Amino acid sequence: MEPVLSPLDACLVLLTGWIVVGAAGMLRRGNVVFVARVLFPLGALIGVGLAVVAGWSLALPAERVTLLIGLPDLPFHLRLDPLSRTFLALLGAASAGVSIFAGGYFRKGQGTAPGVLGLQYHLFLASMGFVLLADDAYAFMVAWETMAVASYFLVTSQHGLPEIRSAGFLYLLIAHVGAIAILLSFGILQGGTWQFTFDAMRAAELSPTWAAAAFGLALFGFGAKAGLLPTHVWLPEAHPAAPSPVSALMSGVMLKTAVYGVLRVTFDLLGEPAWWWGLVPVVLGLATALFGVVFAAAQTDMKRLLAYSSIENIGVLFTGIGLAIVFHGVGMQALATLALVAVLYHAVNHAFMKSLLFLGTGAVLHATGERNLGRLGGLIHRMPWVAWLTLVGVLAISGLPPLNGFVSEWLLLQAFLFSHEVPHPFVNMLLPLGAAIVALAAALAAYVMVKFFGVVFLGQPREPGLAHAHDAGRLERLGLVWLALGCVLLGLFPAQVIDALGATTTQLIGSVPPQGASPWWMLAPLPDRQVSYAPLVLLAVIAVVLATTSVVVRRVYRRDVRRAPAWDCGFARVDARMQDTAEGFGQPIRHIFQGFFSMERELPSAFDRAPRYRVVVGDRIWRLVYEPLGGRVQRIADSLAWLQQGRISAYLTYSFVTLVTLLAVVL
Amino acid sequence: MSGLAWFTQLLEVLAAISLAPLFLGWVNQCRAWLQNRRAPSLLLPYRGIRKLFHKDAVLAEGASPLFRAAPYVVFGAMVAAAAIIPSMGTGLPFTTAADAIALVGLFATARVFMSLAAMDIGTAFGTLGARREMMVGFLAEPALLIVIFVASLLSATTALPLIAERLATQAPALYPSLAFTAVAFTMVLLAENARIPVDNPATHLELTMIHEAMLLEYSARHLALMEWAAALKLFNYACIGFALFVPWGASTGEPDPAALLLSMPVLVGKLAVAGVWLALLETVSAKLRVFRAPEFLATAFMFAVLGLLVHLLLGA
């Protein structure tokens, strides 16, 4: 049966639907019930639709359309191919959970009116969709900038607070520095044809130097959006400032558009990347991963902690991209496919897990009004739904089997394991050591997540006010369940996911991950290496052991369970302040990785009447890169300031001189 | 997959579950002898577990369901881990479900649940134990992974039984890389199983304890499961060590009843020697301050990475 709409048309209809839903909110700007309970769930439905359309059409050939909007002679070219479908499916599926949660989340409050917020939110979603569909540099940049600006307004929705304004400014600044780099990269990619469609770029012949320059600029530009070192500084500022569903979207989905951009430029537009380019993202990615996770361990604000954890995951993703480039460049197709699959898989995984965690913090923030880990605790009793669903995200992002985080980590480690076969001296020796850093980052991620979950949800409440915390509402629960279910399913059916990603790897590097003759429940990405992983079987074994043990324990030894005060080695006066704080839990990491941090500590003396302990953990990169850079820019600006005399005669003179100069040039 | 393979699989799991407390008892006995003490009975760990199962459980007032579920999850993860490790035969059907990386993941799952459970009551000792356990874990886990990597580079697979089989059937050769990783592995084993020099299984001194601090609030059957899981973990680690460094004697290749029968006394012999070795190591070393533990583990990590480098340099 021929469908009524082609997949591309359906995508366009759905994206337009988002804009319409957003605009509808402007009809009743102040009406929270209408915007939150009607429009956001509608947006979620559109997200589901987008995921279904993109997921269903994954393996279909690319199709394109030219929209007659935009500048004269510069219409929008759009194209739907497997790469964009993969990321559209990610966008739709993850945003569906976030939107339905947002329906329960946004309430009356200070800051932007709900209708305006809804417009910005849906515009943000739609622009991300158009970024993925764009097939010429012009459409791409328009969508890219719309995305940046819409998210900027979302970040600053509480614009009354000065620190939120400055966080927004930092985000916008780095987004634009990145955008300039991307623009320059497109400028090189057109290769002298002055045609800015992606087709022209695919056809353009570039010298190796120019190609490398285009790759470098794209890596920098998209890296700035993704939070690659050293342009990561905006993430830990912007994420806590934004409302939680927005943080979830930015971290879960928007960062992935940057990953999409790098993949698009490297494998599609540039065509044949040289193998040594891959070393740059590998090194930067590993540094970013380690840096992000170490900083996450030291955080005391739960959203900042998650922001740093996103930096870590972006590092892992870029490491995978780099590996794929290296393997592809030296002709090791099977491993290149494996690395690329690991990247795509991890991108999808991270969208689900990180959105889930950010929404969990949103629910906690709503219930308690606290973002500071030092004032939370014990919420598993008051908020069981949020706690247990967040636990799924925590276990997934810690890379524990049989959930989804483990699968992509496993794939990446397998790819690393064979990197010693790269036929280049030194590289084949140093590359496998990257596996050690990936393993270290993964283990540290578990540390961070135990800290996050343990301090927020477990233990005793650290403040009396927490006793009144309420669990999430129905819509919020639905959103959390959706995302948690995604984490579980992505973890249990890896072979199906990888099959689905086959069309994308074919498009990018021309080979599919081999499934061999393995059964549907087993993942065996390298048939000749005899490595396999079957999460369903693993889960079944653990479940059987669990069930047997608990039945045996309950049937054979029927003993009672009593409740009593905590024992604590016989110490009777246990109170909530004796638990580890977030600072305390992160202390070993601060101690071991001292060199990473710039720390200011204020220790109380033994005789203080009111002892205070204060520690400020800072980012050395601020001092090493941004402060000198900012100072220099300021000095240049100051030295040019004498031009501004503030007298009309001076400005008229400038105009006159300019005119004369231009005339001299023209004549 | 033949019936014998399934039998081997089941036998290995049951052997691990039933022998693990015995191995722990043996290590304790050797330790006592080496320290000029009268040794406790070899069966003491069994008696301890039995006693605990027969008691009423006391739960702290602030305990959530997570606290009650954790012992089962930890025990389940350890049993699943035992199913992956080739202690007697290498023809295990379960091998295809989880390789050595998944094994490390299972250990991590157990550790995360144990730490979360320790934080659940909200006592000072619980969180202290959880923090220290995660500190030990985040360094020990990558070290273990690198050890496994070196072995899998030597045998071109990450499936643990296949690694053991290939290492056992290759012509006996001295692998310098394996020597480095053996040192690293021993250090990881000591740290991960809460042995001296990182932790002391025989103390409840608050300044030093790690593992015991996490179990303080557990009682009766929950404590029994946790202790049994700890014994299983030690047993599992010993068997990983055998698979990587002394794989000879396990039944390899096609399942064969005679070889399987022979592998049982071999395993018992290996465990006996390993117990003596472990007790000796613990007796001659001193407990480190907690802040020395990261250095100890970083050394283990470095040894493992060194082993990897040596392998990449020399190809052996």
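**Strand pairing, helix packing and the A–B contact**

Strands β1 (residues 63-71) and β2 of chain A pair in the antiparallel sense over 7 bridges. The model is a predicted one. Glu63(A) has Leu80(A) of β2(A) as its bridge partner. The two strands form a hairpin with 2 residues between them. Asp73(A) in this hairpin adopts a positive phi near 70 degrees.

Arg601(A) stands opposite Val615(A) in β5(A). Strand β4(A) spans residues 597-602. Of its 6 residues, the number buried is 0, so β4(A) lies largely in the open.

Two helix pairs in chain A were examined. Helix α1 (residues 7-24) and helix α2 (residues 32-56) have axes that come within 10 Å. The axes cross at roughly 170 degrees. An angle over 145 degrees counts as roughly antiparallel, and α1(A) and α2(A) therefore run roughly antiparallel to each other. On the α1(A) side, the contact is made by Pro7(A), Ala10(A), Cys11(A), Leu14(A), Gly17(A), Trp18(A), Val21(A) and Ala24(A). These meet Leu39(A), Leu42(A), Gly43(A), Ile46(A), Gly49(A), Leu50(A), Val53(A) and Ala54(A) in α2(A). The residues of this contact comprise 13 nonpolar, 3 polar and no charged.

The other pair consists of helix α13 (residues 333-368) and helix α19 (residues 474-492), both of chain A. Their axes come within 9 Å and cross at roughly 150 degrees. The two helices are therefore also roughly antiparallel to each other. Their crossing is left-handed. From α13(A), the contact draws on Val348(A), Asn349(A), Phe352(A), Met353(A), Ser355(A), Leu356(A), Leu359(A), Gly360(A) and Ala363(A). From α19(A) come Glu476(A), Gly479(A), Leu480(A), Leu483(A), Ala484(A), Gly486(A), Cys487(A) and Leu490(A). By class, the contact residues are 11 nonpolar, 5 polar and 1 charged.

Chains A and B also meet. The contact takes 67 residues from chain A and 72 residues from chain B. On the chain A side, the elements that give two or more residues are α14 (379-382), α16 (404-417), α18 (433-457), α21 (535-556), β3 (561-564) and α22 (582-592). Helix α18(A) supplies the largest share of that side, with 12 residues. The chain A side holds 46 nonpolar, 14 polar and 7 charged residues. Strand pairing also links the two chains. Strand β3(A) pairs with strand β1 (residues 57-60) of chain B in the parallel sense, over 4 bridges. Within this pair, Arg563(A) stands opposite Leu59(B) in β1(B).

One loop position in chain B was also examined. Tyr175(B) sits in the loop between α6 (160-169) and α7 (176-192) of chain B. Tyr175(B) has 20 other C-beta atoms within 10 Å. The cut-off for a buried residue is 20 or more such atoms, so Tyr175(B) is buried. Lys233(B) lies 58 residues from Tyr175(B) along the chain. The C-alpha atoms of these two residues are separated by 27 Å.

Technical notes
Residues numbered from 1 in each chain as written. Chains lettered and ligands numbered in written order. Predicted model: local features only at pLDDT ≥ 70, side-chain atom pairs only at ≥ 80, totals over all residues. Axes fitted to C-alpha atoms, helices over the stretch in contact; angles between N-to-C directions. Parallel < 35°, antiparallel > 145°, perpendicular 65-115°, else oblique. Left-handed = near helix turned anticlockwise from the far one by under 90°. Contact = placed C-beta atoms within 7 Å. Nonpolar A, V, L, I, M, F, W, Y, C, P; charged D, E, K, R; others polar. Pairing = 2+ DSSP bridges. Buried ≥ 20, exposed ≤ 12 C-beta atoms within 10 Å, placed from the backbone.
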